[in-house]
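Visitor: I have not looked at this one before. Can we go through the surface and then the charged pairs?
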Amino acid sequence: MTFWRSYPRNLKVLLVAMLINSTGMAFLWPLHTIYITHGMNRTLSEAGFVLMLHSAAEIVGSFLGGFLFDRIRAKRTLLYGGISSVILLLFISVGLSWPWYITVMILLGVSIGSLFPPIYALAGNVWEEGGSKSFHLIYLILNIGVAVGTALGGIVAGFDFRYVFWVNALTYIIFLLIVLTLLDEPNHNNQSTKEKHSQDQQPIKFYKSNNLSALILLCLGFMFCWVIYNQWQTTISSYMLQIGFTLASYSLIWTINGVVIILLQPVIQWYMLRKNISWMWQLAAGVVFYMISFTLLSQSSFYHSFLISMVIMTIGEILIFPLVPAIADYLAPSGKKGMYQGIVNGSANVGRTIGPLFGGIVFDSFGPVVFFLSCVGIGGFALICFATYQRLHYIKAISLKNK
């Protein structure tokens, strides 16, 4: 546990809080569709519509959370988002009529979305000299919580679905108590660019400037990555059941996803830092892994192909998902960290919102092969966005250096 003792106290508090929070959220999100279709006797299309509205509301919440972080700091932002989430979850647990359920789910999306920008902004503040390490740790903890929560959520729902909402609300309360009582909030405008640069050893020197245009390109590529990733949770799940695989077989794939993340994420992070691999090459390699994963699926429908593809895609996920918020933290000017993290989280939510619609239309219209190859093509768009972001930021750096 030497590595744990080496972390700053504030980071350890944040990691414990996020483990509890992600575990609670994972109790609920895989079961939303089941609750709507079986608990409320609604159709699958109605469930999809409500979840789309919920995801769209998270986009609004992301920008709201980033705005509030820059104005009133993290603890008060988390307090507002957490308390409203608890109240809304308790409202759902009493059994709402259909119109009211839709309304509350939209509001819950705003509340949940507002929590992540301050969390990631805090991750950059509580261990500034750690560079991107704190974001990799948050990513790892989130996935451990998801693995635990999804395993326990089904068991709890077996007794009574209301218990799922109650447990989720309880974890929000514990999360807020930990953050508000144990976390010493740092000055969110502090910048330690020199320390970050020496820690991450990026081959291209980054300069603080108005990097909003570069961030938007970065987040556009991130959105494309989420569109691709989301297909595993939506279109591919339906496709696997359609060709004869069981729900247990599909669930096993996500178990493998969690195991690979827990085992390989620390190793990959260590290797990238030790070999001084630039952020751009990490992003590019991650997208290439995505493209290889879907290329393999376009050529084979055997179960082992899905397993191998998930492993390949998970490696790409490890390279991309924690790195984008780390870059956003690095690019953020003083007083804009919340806004930048809000844009990052919002772009991910945009990808999660349009992903199911894109996958469903392409799959139904052209079949699985064209669907998988179109996902490869979207990976190409992500590569272009990441390369353009790097080029734009490099030109800015050279321009500032020559002044």
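Visitor: Which helix gives the largest share of the nonpolar patch?
Guide: Helix H8 does, with four residues. Before going on: this is a predicted model, where local features need pLDDT of at least 70, side-chain atom pairs count only at pLDDT 80 or more, and totals for chains, interfaces and linings use all residues. Residues are numbered from 1 along each chain as its sequence is written, and side-chain values use heavy atoms, with hydrogens and water left out.

Visitor: What is a helix here, and what is a patch?
Guide: Helices are DSSP runs of H or I with at least four residues, numbered from the N terminus. A patch is made of residues with over 30% relative accessible area and no salt bridge; nonpolar side chains (Val, Leu, Ile, Met, Phe, Trp, Tyr) are joined within 5 Å, and like charges within 9 Å. The areas come from the Shrake-Rupley method with a 1.4 Å probe, and for residues only the protein chains shown count as cover.

Visitor: Which residues make the nonpolar patch?
Guide: Leu 90, Val 148, Leu 152, Ile 155, Phe 159, Tyr 163 and Trp 166, covering about 690 Å². Helix H8 (133-159) and helix H9 (161-182) each supply at least two of the patch residues.

Visitor: Take Phe 159. Is it buried or exposed?
Guide: Phe 159, which lies in helix H8, counts as exposed because its relative accessibility is 67%. The cut-offs are under 20% relative accessible area for buried, over 50% for exposed, and in between for partly exposed.

Visitor: Now the charges. How many salt bridges are there?
Guide: A search of the whole structure finds three. The test is a side-chain nitrogen of Lys or Arg within 4 Å of a carboxyl oxygen of Asp or Glu.

Visitor: Which residue does Asp 184 pair with?
Guide: Arg 9, at 3.2 Å from N to O. That pair links distant parts of the chain, 175 residues apart: Asp 184 is in the loop between H9 and helix H10 (193-200), and Arg 9 is in helix H2 (residues 9-28). Asp 184 is partly exposed at 49%, and so is Arg 9 at 45%.

Visitor: And what does Glu 46 bridge to?
Guide: Arg 42, with the closest N and O atoms 3.4 Å apart. Glu 46 is partly exposed, at 25% relative accessibility, and Arg 42 is partly exposed at 30%.

Visitor: What about Asp 329, buried or exposed?
Guide: Asp 329 is buried because its relative accessible area is 3%. Its side chain meets that of Lys 337 in a salt bridge of 3.2 Å, N to O, and Lys 337 is buried as well, at 1%.

Technical notes: Buried < 20%, exposed > 50% of the residue type's maximum accessible area, 1.4 Å probe, protein only.
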